[in-house]
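Me: Could you take a close look at one part of this structure for me, the nonpolar core, and tell me how the rest of the chain relates to it?

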Amino acid sequence: AGAREQRPRTREAPAALPLSEEQSLPDPDRRLLCPSRPGRGAAENDPADPQRSVGGRSSARPSAPGTSQPEYVCPMPGIADLLLSPCTAQSPLPARSRPAPRWLAGLRFDNRALRALPVETPPPDPEGAPSTPRPVPGACFSRVRPAPLRQPRLVALSEPALALLGLGAPPAAAAAREAREAEAALFFSGNALLPGAEPAAHCYCGHQFGQFAGQLGDGAAMYLGEVCTAAGERWELQLKGAGPTPFSRQADGRKVLRSSIREFLCSEAMFHLGIPTTRAGACVTSQSTVIRDVFYDGNPKYEKCTVVLRIASTFLRFGSFEIFKSADEHTGRAGPSVGRNDIRVQMLDYVIGSFYPEIQASHGSDTVQRNAAFFREVTRRTARMVAEWQCVGFCHGVLNTDNMSIVGLTIDYGPFGFLDRYDPDHVCNASDSAGRYAYSKQPEVCKWNLQKLAEALEPELPRELGEAILAEEFDAEFHRHYLQKMRKKLGLVGAEREEDGVLVAKLLETMHLTGADFTNTFYLLSSFPVGPESLGLTEFLAALTTQCASLEELRLAFRPQMDPRQLSMMLMLAQSNPQLFALIGTQANVTKELERVEQQSRLEQLSPAELLSRNRGHWADWLQEYRARLEEDREGAGDPDTWQAERVHIMHANNPKYVRRVLKLLEDPYHREGEAAEVPEAAEPEGAGEGASRAAGRRRSYSSKPPLWAAELCVT
């Protein structure tokens, strides 16, 4: 958000009427009738307006006979023809009257997934059956069509992501750029389909917060197709927020601007941080609106419908294989395709042949060993992925089996977050009250999800074999990759030593005790003075302690969550009826609450000067061990100067300055060679606000610690 005059100009693509209305327009002189004229006044867009368009369709009643209403004719004749998908067009249009994309004309679709896996054809129903919520048995996909949006307009493009598709750099001429952005808004909103695109929604199930939820599926996302590039690569395109599908349940299949921007930014940030991830190519918003309770406080508001173009080799997930699950013993729910082992075999053949061809080539004649090798590789990739998360402080938030990629990518960015103050128990999803998906539990949860995948592959992968592979591979691969990455973050470029893991553990413990900022602390360590004659340790220690939590931050972090009377009642119950107390399952919560009360009591008796002294002591102890380890590393190198240059280079390449700020910075998160080292700033004092920086005549650095009020932000 920013001042109105600072917003970048956006290009609006023509809006579209529902397909049924567009098909009734005369041909060949078709004209696209927009539901509203671009640039309508504020009064016409007021939520109180009874004729306001909601969800892309106008709620206004038809005009009385004999009356007329102003009509806006879009200046792109025939563009409505592009909205006719293959499954809804009555008859092919003459080539001369069918407009074609220009910038996107080079995209060549080859939709192998829809050929290799069973696709449900929606039941015949003139009332919009493709989006009617229903079970989808015996199929991996169901054909759908995007719901048009009013006046779609481009918010942002990611040029590096679009380059994967072979789309070139933006043109220099302003008119050409504007035409390119208008085309992106039209096709990446779902208002028009590219030639060869075949929209479909994927059917999958999932364990959500540890419980099997039955059929889930793409409730707000649509497979568009697979683009094959001149480089021989294949990329699946997906629109998120393009409207309802058979899997939308009671929802509307839409996403709003705030959540779409978060997904767009984080997808690209994770890529530039070097972490396996799906990509985001475009973000398109509109004048269509949906109602959302933004703060979950009973005050719903209208928000703009927004669509994100997602790109990946595939969006298949662990839950894709759970559609065959029989009735769960705890929830009673079952997958929609129970007993269809033939489809499970099809899926394994497709996934392994398409995304693990080397495994298919090595084990083509022995399917059990092939499937075992596949599960082994998925296990390793997942272990490495979550190790990368832990090393940048990323928290996914909703690590259900339906949010785990079958090719080891970070997928489905919802209530994610990054660590600021280091807290291993940090929970970024406000609806995760039990802390199942806390930062420190992510490796354990990923392993649990792999166990569910192994169960879903049975009988094509015997369960005993899958469990043996998981026990053998996951922990070893995670710890190996995690320690390797942490050694780089600490600049240990020489031979690995057994005590390196202990050094890392002590660092995290020190960060926890002092409430240090996760990202900034590692970045500062890149400038740690090395050598027996090194100076500047006092200055370095002073800079490091500015990244520690203030007394106000700690008091806010450890404030009690329970009402004192509720806590007292729970303690009385634990003494009088321990069996009932255990049955309720609140022991862990009560223990945590008692720790908060105790910590809060200690903090109330602590002064800022005492806190600073304590933090200096903690860091001085760890830095002494760190310096000794660096000396060992330096002595093992041939040339100290070469060692120092390599150490700094590796640390700058593995300790980002930014993990969560704005797109242009997130595209270049690491330190560049020759660039002056940036010293992260402390947070503004409570109550100082933005005005303090302005008064000082400077702009806050993007690597600054977040302000105290940011700790109150919740995402769910």
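Reply: Happy to! A contact here means heavy atoms within 4.5 Å. With that in hand, residues 24 or more positions apart account for 70% of the contacts with a separation of 6 or more in the protein chain. Please keep in mind that this is a predicted model. The protein chain has 21 helices and 18 strands, and 50% of its 716 residues count as buried.

Now to the part you asked about. The largest nonpolar core holds 138 residues, and the members that touch the most others are Phe188, Leu490, Leu525 and Tyr626. Helix 8, covering residues 367-392, gives the most to this core, namely 12 residues. Domain 1 (112-481) and domain 2 (497-669 + 708-713) both give residues to the core, so it lies between them.

Leaving aside residues up to four places away in sequence, Tyr626 touches Leu490, Leu503, Leu525, Phe528, Arg647 and Met651.

The buried residues of helix 4 include Arg180 and Glu183, along with Ala182, Ala184, Ala185, Leu186 and Phe187. These buried residues pack against strand 8 (153-157), helix 3 (159-163), strand 13 (234-240) and strand 15 (279-292).

Note on methods: Residues are numbered from 1 along each chain as its sequence is written. This is a predicted model: local features need pLDDT of at least 70, side-chain atom pairs count only at pLDDT 80 or more; totals for chains, interfaces and linings use all residues. Side-chain values use heavy atoms; hydrogens and water are left out. A nonpolar core is a set of buried Ala, Val, Leu, Ile, Met, Phe, Trp, Tyr and Cys residues joined through side-chain atoms within 4.5 Å. Buried means under 20% relative accessible area, exposed over 50%, partly exposed in between (1.4 Å probe, protein chains only). Helices (H or I, at least four residues) and strands (E, at least two) are DSSP runs, numbered from the N terminus. Domain bounds come from an automatic or database domain assignment.
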